[in-house]
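Q: I'd like to learn how to read helix packing and nonpolar cores from a model. Can we walk through one together?

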Amino acid sequence: MTLEEFSFSLKAKQALLKDPALRERLALVAANAVTVLVKRRVFRDGIAQDGSLIGKYSTKPAYFGIKTPGVPKLAAKGKTPRAKSSYYAKGGYAEYRQAVGRQSAKVDLNLSGATFLGVGAGVNGSGLPAFGIKTKEAQERIEGNELRFDCVTVTPNEAERQAGRDAATQELKFILGIE
């Protein structure tokens, strides 16, 4: 590379580093990396932020609605007037989850998929992509579950935050042609 080519390359990289779109791209890469890891940890593996299991589903008998959006419909079941619009599960929420085709061995906070969809990359107060909870409904469900199971769930842990930083660093190296 000649001195002139090197100078041109350096000026091009300086201009790129000043471009606001680069900051947005790197933030999006980081947010997506964190999203993948948090969703895998919580909604697939049922693991809280601290590495422990989120919990176990209740086996206390209860009634559950039969028209929950995103959940397969069940036939009404029970012996009370309430039974016309609900499903009675003698084995509690764990039995109800099994009846609608969901696993019940560990808490994974994923019944209808609404909370799963409410977590991920969005836009923060600065207008940049960031990981977070995207809807008020998802926020309320998450807070309720965190109280119920006495653990932090979708807040990224340090390893997940570091993975986001590492992904952004790798993206910047790729853009700049380093390594």
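This is a predicted model: local features need pLDDT of at least 70, side-chain atom pairs count only at pLDDT 80 or more; totals for chains, interfaces and linings use all residues.

Q: Which residues have the most contacts inside the largest nonpolar core?

A: The general idea: nonpolar side chains in soluble globular proteins tend to be buried together. Here the largest nonpolar core has 16 residues, and Val 42, Ile 54, Leu 109 and Val 154 have the most contacts inside it. Two or more core residues come from each of α2 (20–44) and α5, with α2 giving the largest share, four residues. There's also a second, separate core of nine residues, which includes Ile 66, Leu 74, Ala 89 and Leu 111.

Q: Which residues of α5 are buried?

A: Start from the geometry: an α-helix has 3.6 residues a turn, so residues three or four places apart point the same way. In α5, the buried ones are Ala 138, Ile 142, Asn 145 and Phe 149. They sit on the same side of α5 because they cover an arc of only 65° around the axis. Lys 136 and Leu 147 are exposed, on the face turned away from that buried side.

Q: What do the buried residues of α5 pack against?

A: Their partners are α4 (114–117), β3 (119–123) and β4 (129–133).

Q: How many residues does α5 have, and what comes just after it?

A: α5 runs over residues 136–149, 14 residues in total, and reaches 20 Å from first C-alpha to last, close to the 20 Å expected. Just after α5, Asp 150 takes a positive phi of about 55°.

Notes: Residues are numbered from 1 along each chain as its sequence is written. Side-chain values use heavy atoms; hydrogens and water are left out. The expected span of a helix is 1.5 Å times one less than its number of residues. Buried means under 20% relative accessible area, exposed over 50%, partly exposed in between (1.4 Å probe, protein chains only). The arc is that of the directions from the helix axis to the C-beta atoms. Contact means heavy atoms within 4.5 Å. A nonpolar core is a set of buried Ala, Val, Leu, Ile, Met, Phe, Trp, Tyr and Cys residues joined through side-chain atoms within 4.5 Å.
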